[in-house]
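This report covers a predicted model. It starts with strand pairing and then turns to the whole chain.

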Amino acid sequence: MSETAKIELDGKSYELPVIEGTEKEKGIDISKLRGGTGGYITLDPGFKNTGSTKSAITYLDGENGILRYRGYPIEQLAEKASFLEVAYLLIYGELPSSQEFETFTTSITNHTLVHEDMKQFFEAYPAQAHPMGILASMVCSLSTFYPESLDPDRGPEAKDLTIHRLIAKLPTLAAWSYKNALRHPIMYPNNKYDYTQNFLHMMYAMPTSDYEMDPVIVSALNTLLILHADHEQNCSTSTVRIVGSSHANLYSSISAGINALWGPLHGGANQAVIEMLEKIANDGGDVDKWVVKAKDKSDSFRLMGFGHRVYKNFDPRATIIKKACDDVLDKLGVDDPLLDIAKKLEKVALEDEYFKERNLYPNVDFYSGIIYKAIGIPTEMFTVMFAIGRLPGWIAQWKEMIENGEPIGRPRQIYTGENERDYVQFQDR
Ligand code: SDX
């Protein structure tokens, strides 16, 4: 017996179907609401109570701090898997066999080069260009070099080629945007390296000197990329889905996602956290003063890296990153005063009624910047790292939306403007 929700409108009663997910989440299916009730819609700014789709990719339980990719707990994947294994899992639904993984990684390795003509784009950007602006433009520009990608429905082989090209080229584009900022010569990918090592090579090697791979740094980066790989229907993923729902190509859909991630309320928070910690450090390190500011409604200051739309408990990723922070800084012999400030800030905030009653806990961005800083990633590249990590999730969500034949996204509205009025030219205002 399927459940229904009953509503009364204008003296009439209506029944709406209730759907239940595999983790017993329930939702009221309102897809027939407007037609069935003579025009009623629902209103939910920010979609805080609205599901946009049914998805089999990632499961979040915000109350209990649970995150699973295709059923696998994030804690196990972060500890045992490689980033490309997790990418394969998210995109194709199952962990790869050793043969499937070999085929996948070989394909990615063979597509890491970027068309030589794209180098001219980098040279045109000013040194102070934010790498997220470069990355979003470059990813969209890939569609101009691979016109066969313009049709998202061209069948599995063509779709896989477009997907593999993007996964392979994003680290190259990211590293080149960093080299552009330094006005250093770009470094080409080297097929002897794995995915994470190749990124570090392109970021830090020079034509005159190799980058010496530190296994601690490679492992930390692999973990960070896995922790960022997907997060169900967040702002940037919803952007990828809605752009992709018009059947725009994958590159332009992902470029839109990169732009959405850039915002300081979303992926840009990891850069904003470090800038906040540096501001507190430069102000003498008085964390109590800044917690008071964060609670003051008349003050625009917010505690960056704190709070989350879904997690009303600890973000499980933050727990893993916080532990990795101590481990990586200890192994690298880095003593970062910002980590001490972060821990003090976290302690003060978690004991404060304002944060407790609003269930505001550190999120994935609170500690990630400290590790990126310790492994030499410049602050302006932090959100680029988030984008590299999130790419497989964006692709998986786009692919699921296309393959499920979901309709073009087009929300309704409640109009609150002027009622009908006649035109009079040059009315005296
Ligand atoms: C990511 O969605 C995802 O899954 C995102 C993400 C992913 O993996 O894709 O997890 C990645 O984006 C993490 C979030 C990174 N952003 C930040 O760290 C920026 C700081 N955080 C806030 O801006 C905020 O917490 C959000 C944007 C994350 C969530 O905002 P919501 O859900 O819209 O909540 P809200 O703004 O309505 O806040 C509820 C209350 C408000 O106070 P009241 O009006 O009830 O009095 O909590 C307060 C807010 O003022 N509040 C904060 C706060 N966050 C919320 N107060 C001070 N500092 C904060 N950080």
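Two strands pair if DSSP finds at least two bridges between them. Strands (E, at least two residues) and helices (H or I, at least four) are DSSP runs, numbered from the N terminus. In this model, R68 stands opposite P73 in β6. Strand β5 (residues 66-69) and β6 run antiparallel, joined by 2 bridges. The open sheet has 3 strands, in the order β4-β5-β6, with antiparallel pairing. β4 (58-61) and β6 (72-73) are the edge strands; each has a single partner, so one side of each lacks a neighbour in the sheet.

The model is predicted: local features need pLDDT of at least 70, side-chain atom pairs count only at pLDDT 80 or more, and totals for chains, interfaces and linings use all residues. Residues are numbered from 1 along each chain as its sequence is written, and side-chain values use heavy atoms, without hydrogens or water.

The protein chain has 18 helices and 6 strands. Its radius of gyration is 23 Å, close to the 22 Å from the globule rule for 429 residues, so the chain is as compact as a globular protein of that length. The radius is taken over C-alpha atoms; the rule is 2.2 Å times the number of residues to the power 0.38.

| Quantity for the protein chain | Value |
|---|---|
| Buried residues (under 20% relative accessible area, 1.4 Å probe, protein chains only) | 48% of 429 residues |
| Contacts (heavy atoms within 4.5 Å) with a separation of 6 or more that link residues 24 or more positions apart | 71% |

Notes
Buried means under 20% relative accessible area, exposed over 50%, partly exposed in between (1.4 Å probe, protein chains only).
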